[in-house]
Amino acid sequence: DKVFLSGGVREDKNSNFGVNLPFVKYPSLGLSWVIGEEPFFPKTSIVNSLRLRTAFGESGQRPDFRQADKFFNPVAVNVNGVEVSGISLGGAGNANLRPERTREFEFGFDAGLIGDRVNFEFTKYAKQTHDALIGRVLAPSLGATTTQLVNLGRVDNTGYEYLVDMKPVSTDRFKFDISFNGSVNDNKVVLVNGAVQVV
């Protein structure tokens, strides 16, 4: 019970994807090591427990309903003073529409300090989002809808998160807890429609 390994694969097929897209697979893998219980780990009154962990995984954001499909809307058309049934293009569709995929790698640790009166958690992460779902504006001369959802660009996210949980007073009749948490995140658009962007 010192090393823990978990893994999985999720496979999606959604009607909101384009008809040309096969099943989409999202792998994940996690590893943690309770290094604080190893014989070589120094036993002190300050650090009581320590767990190292790392993980990798992918996830996806599916398009909204009917974004990939070309469809028509019924309309009334006046022909020689008589209203007849007609159709207009309701959505341009995109048969090659793919999900927005995010790939994330993270590592961190959980530490128990000073007789487990202070618990500290820290996580550093890096994410890349590919095939971002963006509504592209279509030229009015096409006579179609004003926008079409397409997969464009890449967005990078890096940052860290932390949590400090302190128990300065803990008796049978009274307990007092204090918690602090925070995060820092940096977003950068690095690619849009094949062109490198500096943002």
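Here Ala, Val, Leu, Ile, Met, Phe, Trp, Tyr, Cys and Pro count as nonpolar, Asp, Glu, Lys and Arg as charged, and everything else, Gly included, as polar. What you're looking at is a predicted model, where local features need pLDDT of at least 70 and side-chain atom pairs count only at pLDDT 80 or more, while totals for chains, interfaces and linings use all residues. Numbering runs from 1 along each chain as its sequence is written, and side-chain values use heavy atoms, with hydrogens and water left out.

**View 1. Around the largest pocket.** This pocket comes in at about 150 Å³. A pocket here is an open set of points on a 1 Å grid over the protein atoms alone, where a 1.4 Å probe fits and protein lies on both sides within 12 Å along at least five of seven lines; lining residues have an atom within 4 Å of a point. The volume is the space filled by probe spheres set on the points, which are joined across faces, edges and corners. The lining is made up of Arg10, Asp12, Lys13, Asn14, Phe17, Tyr26, Glu58, Ser59, Gly60, Gln61, Arg62 and Pro99. Strands β1 (3-12) and β3 (47-61) are the elements that give two or more residues to it, and β3 gives the most, with 4 residues. (Strands are DSSP runs of E, at least two residues, numbered from the N terminus.) By type, the lining splits into 3 nonpolar, 4 polar and 5 charged residues.

**View 2. Asn151 and its polar contacts.** Asn151 sits in strand β9 (residues 147-151). With a relative accessible area of 14%, Asn151 counts as buried (under 20%; exposed is over 50%, partly exposed in between, using a 1.4 Å probe and protein chains only). Its side chain gets to the backbone oxygen of Arg98 at 2.8 Å and to that of Asp131 at 2.9 Å. Such a polar contact is a pair of N or O atoms within 3.5 Å, one able to donate a hydrogen and the other to accept it; residues adjacent in sequence count only if both atoms are side-chain atoms. Leaving out residues up to four places away in sequence, Asn151 touches Asn96, Leu97, Arg98, Pro99, Asp131, Ala132 and Leu133 (contact means heavy atoms within 4.5 Å).

**View 3. Aromatic rings.** The whole structure holds 5 aromatic pairs. One of them is Phe105 with Phe107, a tilted pair at 6.5 Å centre to centre and 45 degrees between the planes. Rings of Phe, Tyr and Trp (its six-membered ring) pair if their centres lie within 6.5 Å, and planes under 30 degrees apart count as stacked, over 60 as edge-to-face and the rest as tilted. Phe105 is partly exposed at 42% relative accessible area, and so is Phe107 at 43%. Ring pairs also tie Phe109, Phe120, Phe122 and Tyr160 into a cluster.

View 4. Most residues other than glycine have a negative phi.

**View 5. Glu38 in its loop.** Glu38 lies between β2 (24-33) and β3. Apart from residues up to four places away in sequence, Glu38 touches Lys2, Trp33 and Lys43.
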